[in-house]
Amino acid sequence: MGNLTATRPPQPWTAPTASDPVAATLRLPGSKSMTARALVLSALAAGPSTLARPLRARDTELMAAGLRAMGAHVSISDDERWLLRPHPLVGPAHVDVGLAGTVMRFVPPVAGLADGQVTFDGDPYVRTRPLGPLVDALRSLGVRIDVTGTGSLPLTVLGTGRITGGEVVIDASASSQLVSGLLLAAPRFDRGVVVRHVGPPVPSAPHLRMTVQMLRAAGAAVDDSTPDVWAVEPGPLTGRGWEIEPDLSGAVPFFAAALVTGGEVTLQGWPHSSAQPVEQLRSLLQRMGGEVTLSTEGLTVRGTGVVHGLTADLSDVGELTLVLTALAMLADSPSVFTGVGHIRGHETDRLAALAREFGGLGADITETPDGLEIRPRPLRGGVFRTYHDHRMAHAAAVAGLAVPGIEVDDVGCTSKTMPEFPALWSAMVTGKS
């Protein structure tokens, strides 16, 4: 008969409804973006590195496994401190990218530096995520790549142990990760790299600034003074200790809970100087009715229980669109979000998924080519599908604070970036740790 439980769909998770203002102080997992970049830079460094308080989640474990498959020594047994010792990169190796954009875009340039072939594939939907511009760029820099699909996964990098490097033109309007992937490995290229973006604006500019900042922290010479041009000089990277900040994108649903319920949420361990777009988040939450403060206690958001709609270009912070959409559903006025057409190519077509799922709960929400228009009206409970997208689950949880009976079809997808999410969320809403 076989194992029938292996294919049984997960039980729906009923998003808890808040009966009182939330009051929580949380220490959340580390930043996915910082953890991923630190892993790559550490694998390419000249000496050992440590990652303090990294994110342990599916995306970062897949990144660690991919680097380990090529020969790097990566120890992630200690949740608080990961250790990475670089070794010569070799194939044959296989990298499972899962559904992670960071793995599918950061690791192929590293694989070009390996001696031997490295194959890449992942979850079925990941084959539709934009990758072609990176493949073309790597080929122009001297990397041999065999692609069996239509410019995306699966693919094989036929590494020779070195990459010539040089100048390359790329259209990175689909994802800033296409540029970051080239830059992170570029110090090991014979000639470094000069990346010129040509096309519509590159989204998620703060993530590119994070890439440049972390490269410099590892000893790389980077010139980003010319708009849409990034130059990285060849040279050794230094092994170092990386202090990973709490994950801002992962914190946003918890901050949103303060606005919805008129409560207060503090994220502990927040640095006074951050590599993440804290100021953009602060501005957005304040415009929606929240108060945001940074103190020795951490980053705190307070709400009044009244949420305001807003019109905003979210191109720099596209990851926040889903939770902000849930907030907008509960606002006292309409909202218009623009600049996020690129999130159609994330874990799912996020704009279509938001319109479909919230529309199914009675929302008045309209897709536009690069965003959403939201006109608040009462919502009802019902099944909310995530499409394996962790941010969709976050959005459903936020709406569920005020709308009883929202059932998330697969809250387990939050393990992509925060396996603890369901337990942390329920404890915050109920006040029971």
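Predicted model: local features only at pLDDT ≥ 70, side-chain atom pairs only at ≥ 80, totals over all residues.
Helix H7 covers residues 248-261. The N-terminal end of H7 is capped by Asp-247, which places a side-chain oxygen 3.1 Å from the backbone nitrogen of Ser-249. After H7 comes Gly-262, which has a positive phi near 70 degrees. Because 14 of the 14 residues of H7 are buried, that is, under 20% relative accessible area, H7 is largely enclosed by the rest of the structure.

Helix H9 (residues 321-329) is likewise mostly covered, with nine of its nine residues buried. Among these buried residues are Thr-321, Leu-324, Ala-328 and Met-329. H9 is found alongside helix H11 (residues 390-400): the two axes come within 8 Å and cross at roughly 20 degrees. Angles under 35 degrees count as roughly parallel, and H9 and H11 are therefore roughly parallel to each other. The crossing of H9 past H11 is right-handed.

Two open sheets are considered next. In general, the strands of a sheet pair through backbone hydrogen bonds, in either a parallel or an antiparallel sense.

E4 pairs with strand E5 (residues 81-85) in the antiparallel sense, over three bridges. Within this pair, Ser-75 stands opposite Leu-83 of E5.

Another open sheet also contains four strands, arranged in the order E10-E11-E13-E12, again with mixed pairing. Here strand E10 (166-170) and strand E12 (222-223) stand at the edges. Because E10 and E12 each have a single partner strand, one side of each lacks a neighbour in the sheet. E12 and strand E13 (residues 229-232) are paired in the antiparallel sense over two bridges. Asp-223 has Ala-231, in E13, as its bridge partner.

Technical notes
Residues numbered from 1 in each chain as written. Heavy atoms only, no water. Expected span 1.5 Å × (residues − 1). Buried < 20%, exposed > 50% of the residue type's maximum accessible area, 1.4 Å probe, protein only. Polar contact = N/O pair within 3.5 Å; in protein donor to acceptor, adjacent residues only side chain to side chain. Pairing = 2+ DSSP bridges. Axes fitted to C-alpha atoms, helices over the stretch in contact; angles between N-to-C directions. Parallel < 35°, antiparallel > 145°, perpendicular 65-115°, else oblique. Left-handed = near helix turned anticlockwise from the far one by under 90°.
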